Each structure stands twice: as C-alpha cells, then as structure tokens.
Amino acid sequence: MEDNSRAGKALAGFLIKYHSKQLDSIILSPDARIHYPLHIDFAELMDENPHLANLIFSQPIEYLSIFDESAIWAQKVMFEDFKKFENASVKDYVHVRINVFGSPLECPETFPSIGLVRVKHRGILLTLKGTVIRSGAVKMIEGEKIYECRICKHRFKVHPEVETGNSIPKPTFCPSQNCESTRFQIVEDNKICHDYQEIKIQEIKAGDDVIVTGVLTAKWSSDMKGVRCDLDPVLIANHVRRMNELKSGIDIPDDVILKFKQFWSEFKDAPLKGRNAILRGICPQVFGLFTVKLAVALTLIGGVQHVRCFWDKSSWGVSFASGTGKSQFLKFAAKLSNRSVITTGLGSTSAGLTVTAVKDGGEWMLEAGALVLADGGLCCIDEFDSMRVHDRATIHEAMEQQTISVAKAGLVTTLSTRTIVFGATNPKGHYDPDQSLSVNTTLSGPLLSRFDIVLVLLDTKNPDWDAVVSSHILSEQAEPGKDNSDENLTNIWPLPLLRRYIHFVKGYFRPVLTKEAEKVISSYYQLQRRSATHNAARTTVRMLESLIRLAQAHARLMFRNEVTRLDAITAILCIESSMTTSAIVDSVGNALHSNFAENPDEEYAKQERLIVEKLSCIDEFPGINMGEDEPVA
C-alpha cells in the first residue's frame with residue numbers, strides 16, 4: 001500500500017508538471033458528473049520516470065487505476081488557484097488515456113500484428129493496429145460498486161469483469177488488514193455508470209483505421225443453448241487513436257523529391273512527353289490503353305479538397321467486354337493506393353458494399369462493407385452491376401456525400417465513405433452502341449452520373465491493332481526478366497516510385513484554375529447541356545464538377561499549382577472518351593485501342609484546335625491561334 005501511495009504521488013506530480021492545462025480545463029468544467037479523459041504520451045512518462053512507466057506497462061490493471069486516482073489528487077493540489085471561479089470543482093471521474101504511438105513501446109513485442117497476439121501478451125499494456133469491421137451500440141454499464149464490511153465498516157470498490165460479461169462479482173473477503181470477514185453490504189448512495197461500446201477490428205493492408213492501447217484479456221462467448229462456449233480474446237481499451245486523418249502513408253525522402261523536380265526540368269519543353277513517361281508505368285504489362293491509364297492516374301491523384309468536402313471525390317468506371325484487361329487495372333490501381341479494398345458488386349461479406357446490421361452473440365452490431373473499409377483510400381469493385389438491393393438504395397449517398405446514414409436494428413449513425421471508386425462491369429448481352437449506357441449496363445442514370453469518367457472498352461475487330469498487340473506480347477516473351485527498377489526516370493517507372501509520386505503531388509500541390517481554364521470548362525459544359533440526348537444523365541452539374549476535378553488532377557500530375565488551358569482540354573478529352581453518343585470530337589475513338597502518341601505535344605495541339613473550333617460557336621477564346629499550331633506551355 002505504501003508503494004502504491006508513493007507511486008500515486010509521483011504520477012500526480014508528473015500530471016501537474018506536464019499536463020496542467022488539461023487539469024485546468026477539467027477543474028473549470030461545469031458538469032461534475034461527466035467522465036473526463038486526460039491524455040498523456042507514454043514516451044514523456046518514460047523520460048520523466050522510467051520505473052513508473054515500466055510498472056504501468058507490466059501491471060496496467062493495478063497502476064492505471066492508481067493513475068486515475070492521482071489525477072484526482074493533482075486536481076486537489078491545483079484547486080487553490082481556482083476557488084474564486086463559481087463552477088470550479090474537483091472532478092471525481094477522470095481517466096488517464098495513454099498514447100504509446102511514437103514511444104519505445106512501439107516495437108514488435110508490444111505492438112504485434114493481430115494475428116500474432118498470444119497468451120504471453122496477456123496482462124501487459126498492449127497496442128494493436130487494425131480496421132474496425134463491426135461496432136455495437138453505445139450502452140451503459142455499472143462501472144463499480146462500493147461495498148462495506150459489516151464487521152470493520154471498511155469501504156472498498158469492486159469493478160466489473162469483462163470475462164463474465166461486465167458483471168460485478170460479489171466480494172469473497174475483506175481487503176482490510178486484520179479482518180477476515182465474509183459479510184458485506186452494498187452502499188447504494190453512490191452508483192457510477194460508464195458508456196460502453198464493443199468494436200471488432202481485423203488486420204488488413206497498410207492504411208489501418210485505429211490504433212488501440214489496452215489490456216489483453218479474454219471473455220466467455222455467449223452462453224446460448226446448443227452453442228459451444230469459448231474464450232474470445234478481448235482488449236480492454238485505454239486509448240483509441242483514429243488513423244485515417246493522421247497517417248502519412250508513404251515516406252518520401254528529399255533526394256526523391258529532387259529527382260521529381262529534375263525530371264520535369266528535363267521535359268519543360270515537352271511536358272506531355274514527360275507525363276506519358278509516367279503513365280507508361282501504370283499497368284505496364286498491358287499494352288497501350290493510354291486513355292485508361294490516364295484515367296487511373298487522374299482519379300488516384302484527385303482534385304483539390306474543399307472546405308465543404310470531406311475528401312477528394314473521384315470515381316472511374318465502367319468497363320465492357322471480356323479480355324480487355326479491366327481486372328488487371330483494378331489490381332494495379334489497388335497497389336498504387338496507400339489503402340485499398342478489392343471486391344465485387346456483391347461484396348466480400350454480408351455487409352456488401354455499404355453497411356448492414358448483423359446479430360453477434362445475441363446483440364446487434366453494424367458490419368462495415370467495402371466502401372466503409374476503404375474510407376480514405378480506393379475501393380475497386382468488379383461486377384459493379386451485381387449490387388445487392390440494400391446497396392443500390394444507399395450507394396448514391398455513399399458516392400455523392402461521402403457518407404452512409406444508418407438506422408438499422410436500433411443503431412443510428414453516419415459512417416464515412418471518403419473513397420475513390422473504381423468500378424468495372426460487362427454489358428448485359430451484346431453491347432448496343434445505339435442505346436444509352438443505362439440500357440447497356442442496367443445501372444441507373446443517377447448512379448452513372450456520380451462517376452467522373454465512364455470508359456467503354458469495345459473489343460472491335462481491328463487487324464492493325466491486333467498485329468501491334470501481338471508483336472508487343474511476343475517481344476516481351478523474347479526478353480523475359482527485363483529490369484525496369486533502375487533510377488533513370490525516363491524509363492518505365494517502377495511501382496514504388498509511382499506510389500511515391502502520386503502521394504507527393506496529391507499532398508503538395510493545390511492547383512487553382514486560371515481564367516482561361518475556367519472559360520474552356522464552362523463553354524464545354526454549356527455545349528454539352530444543349531446537345532445532350534442519349535447521355536442526359538451524364539450532363540448534369542456533376543459533369544461540371546468532374547471537369548474541374550479532372551483538370552486539377554492533371555495539373556497535379558504535371559507537377560503544377562496552376563490549372564492551365566492544357567489541363568482543361570485534357571479533362572475535356574477524358575470526358576469525351578465517356579460520351580459515347582454526344583462527343584464533340586470524333587477523333588477520340590475507342591479507349592481500348594488508344595495508344596501512346598510518338599509526339600504527344602504535337603498531337604495535343606491538333607486536338608486542342610478541334611475542341612476550340614467546336615466551342616467557338618459559344619464564345620471566342622483570347623490567346624488561341626486558330627490557324628497555326630501554338631507552342632504548348
């Protein structure tokens with residue numbers, strides 16, 4: 001007891017020294033019935049008092065409660081300075097929350113993967129990283145009961161046991177010294193309750209949702225009749241840290257950033273040739289498909305995040321015809337993203353794409369679907385048209401508002417779906433070019449309009465294209481094991497370098513539209529609104545938003561903070577590839593047969609002139625020479 005008292009005073013001194021501002025806020029808070037958290041860093045405690053830090057790590061059940069009591073004692077010490085304030089008071093319900101992230105405890109032994117948790121981890125301060133896949137309702141449980149010994153009148157607290165379903169056991173002996181009584185009574189005038197919630201986490205690839213620090217124990221599974229009763233591992237959480245907004249993703253050294261800058265200085269006179277050198281690294285095993293690779297890059301990079309938005313909203317899809325490489329693109333895009341989920345329209349679990357309520361151990365819990373699990377990353381959905389009925393009703397909100405509103409089985413909440421969506425599907429029967437996308441895909445017009453780019457890959461018979469593709473495949477087989485991993489950025493970029501580049505431009509550049517770019521985008525949108533027939537669902541105001549996002553993404557891809565006319569025209573060309581029946585430029589052609597131009601800057605100048613000629617019927621564009629090729633900035 002004396003050691004515990006000494007430890008409590010030392011911990012209180014630590015809190016007063018390093019966390020006086022938090023204690024001030026708690027003392028001045030008006031409501032004395034609320035449970036207040038007091039956040040500390042384990043690394044700070046380790047530097048101040050290594051012995052106490054080790055005790056908390058090795059005996060957390062005992063010393064975390066001492067830490068909570070020391071927070072009350074620290075308030076009492078500081079209260080003298082706050083007596084003049086009317087609402088100031090010492091709060092009895094303060095809980096110290098310990099963040100071990102970035103501390104010496106962040107090591108494989110105390111920070112294991114979920115699949116490596118063993119019995120040896122029981123009883124220590126353990127930290128796990130994972131994705132929340134199920135969450136139950138917030139319930140209220142009795143946090144403690146105060147018993148009084150009938151013989152010596154000693155009062156003591158008894159806390160609930162997670163192992164037995166949070167029930168509070170009856171004491172079997174008096175903890176007071178020199179008392180062997182087994183007779184107790186409950187003190188009814190002091191009932192303390194806590195909010196309580198169960199969540200289930202699983203281990204997936206990089207980009208996890210939460211880091212949970214707590215004490216590992218086990219509890220008996222539901223004692224339902226006819227069901228085997230097992231012990232399930234449980235982590236009693238002390239500290240939970242959400243990682244979606246905090247993760248840095250990929251570490252990019254300064255020398256790599258310098259190489260990016262040198263790369264663009266080499267291509268300052270032919271910027272599109274430099275851009276295409278980057279795009280060739282996307283799914284390099286698939287020959288050609290320039291339009292698809294550009295679409296993948298732009299949607300992964302995304303537009304500029306606005307204050308009213310939660311996330312850069314970008315979507316790409318839909319792909320047709322078997323054998324067009326759509327599955328390879330989905331898998332490669334998933335590798336490029338820090339966080340990704342690959343699934344089908346039916347979903348990998350009962351939750352499907354969005355969310356569902358499931359009964360677990362007699363209680364209802366929410367189970368996250370693919371879009372929720374991919375929050376903050378990329379969701380690749382094959383067979384997009386095979387969605388469940390409840391997904392079709394909720395996916396519109398998920399893609400438009402970046403959230404899913406849930407009201408199922410008494411569980412009411414809103415979940416984030418701030419994700420890029422790549423969708424792929426096949427047509428229903430033979431693709432009919434005279435019909436709209438909605439008819440060919442059985443996907444509704446409002447849903448299709450939520451995609452920024454919709455590419456139709458038609459495997460038409462083209463002998464010239466077939467000869468080029470077959471020659472490429474044969475030449476690849478003739479030079480197996482060709483090494484593209486060198487640091488020469490003029491070659492095909494390796495996957496790790498592409499990941500770093502996309503992550504860097506997405507976080508570093510926030511391009512702003514120039515007046516000229518605004519004029520091009522506005523004129524194109526007005527023209528499409530006037531001429532749209534079959535693709536009316538694609539020419540809503542969402543098309544204007546898509547054009548802006550794509551232009552901003554292209555400026556980022558081009559290593560710029562300004563959206564120029566080139567970016568606006570490129571965004572239009574991407575949208576043109578989606579407009580199967582109302583395109584204004586006939587030269588775009590089938591996306592499946594789109595190849596990398598030998599001189600992309602000259603090719604762009606021709607395409608720009610064609611688009612400007614079409615848009616000139618609305619307005620004149622200053623600074624554009626309609627007669628001659630102009631140099632591309």
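I began with Arg33, which counts as exposed because its relative accessibility is 68%, and the cut-off for exposed is over 50%. A reminder to myself before going on: this is a predicted model.

**Entry 1: the partner of Arg33**

Which side chain meets that of Arg33 in a salt bridge? I looked it up, and it is the side chain of Asp31, with 3.3 Å from N to O. Then I checked how open Asp31 is. Asp31 comes out as partly exposed, at 25% relative accessibility.

**Entry 2: how many salt bridges**

Next I wanted the total for the structure. I found that it holds nine salt bridges.

**Entry 3: Arg155 and Glu148**

I moved on to Arg155, which forms a salt bridge with Glu148. The closest N and O atoms of this pair are 3.0 Å apart. Is Glu148 buried or exposed? Glu148 is buried, because its relative accessible area is 11% and buried means under 20%. Arg155, on the other hand, is partly exposed at 48% relative accessibility.

**Entry 4: Asp567 and Arg560**

Here I noted another salt bridge, in which the side chains of Asp567 and Arg560 meet at 2.7 Å, N to O. I also looked up the accessibility of Asp567. At 0%, Asp567 counts as buried.

**Entry 5: a network**

Which residues are linked in a network of salt bridges? I wrote down three names: Glu516, Arg565 and Glu608.

**Entry 6: Gln528**

I left the salt bridges and turned to a residue in a helix. Gln528 sits in helix H16, which covers residues 515–531. Its relative accessible area is 0%, so I put Gln528 down as buried. I then followed the chain to Thr540, twelve residues apart from Gln528. The C-alpha atoms of Gln528 and Thr540 are separated by 9.4 Å.

**Entry 7: Tyr431**

Where is Tyr431 placed? I found Tyr431 in the loop between strand E18 (420–423) and helix H12 (437–441). Tyr431 is in a loop, and with a relative accessible area of 9% it is buried. I also looked up Val456, which is 25 residues apart from Tyr431 along the chain. Between the C-alpha atoms of Tyr431 and Val456 I noted a separation of 9.8 Å.

Note on methods
Residues are numbered from 1 along each chain as its sequence is written. This is a predicted model: local features need pLDDT of at least 70, side-chain atom pairs count only at pLDDT 80 or more; totals for chains, interfaces and linings use all residues. Side-chain values use heavy atoms; hydrogens and water are left out. A salt bridge is a side-chain nitrogen of Lys or Arg within 4 Å of a carboxyl oxygen of Asp or Glu. Buried means under 20% relative accessible area, exposed over 50%, partly exposed in between (1.4 Å probe, protein chains only). Helices (H or I, at least four residues) and strands (E, at least two) are DSSP runs, numbered from the N terminus.
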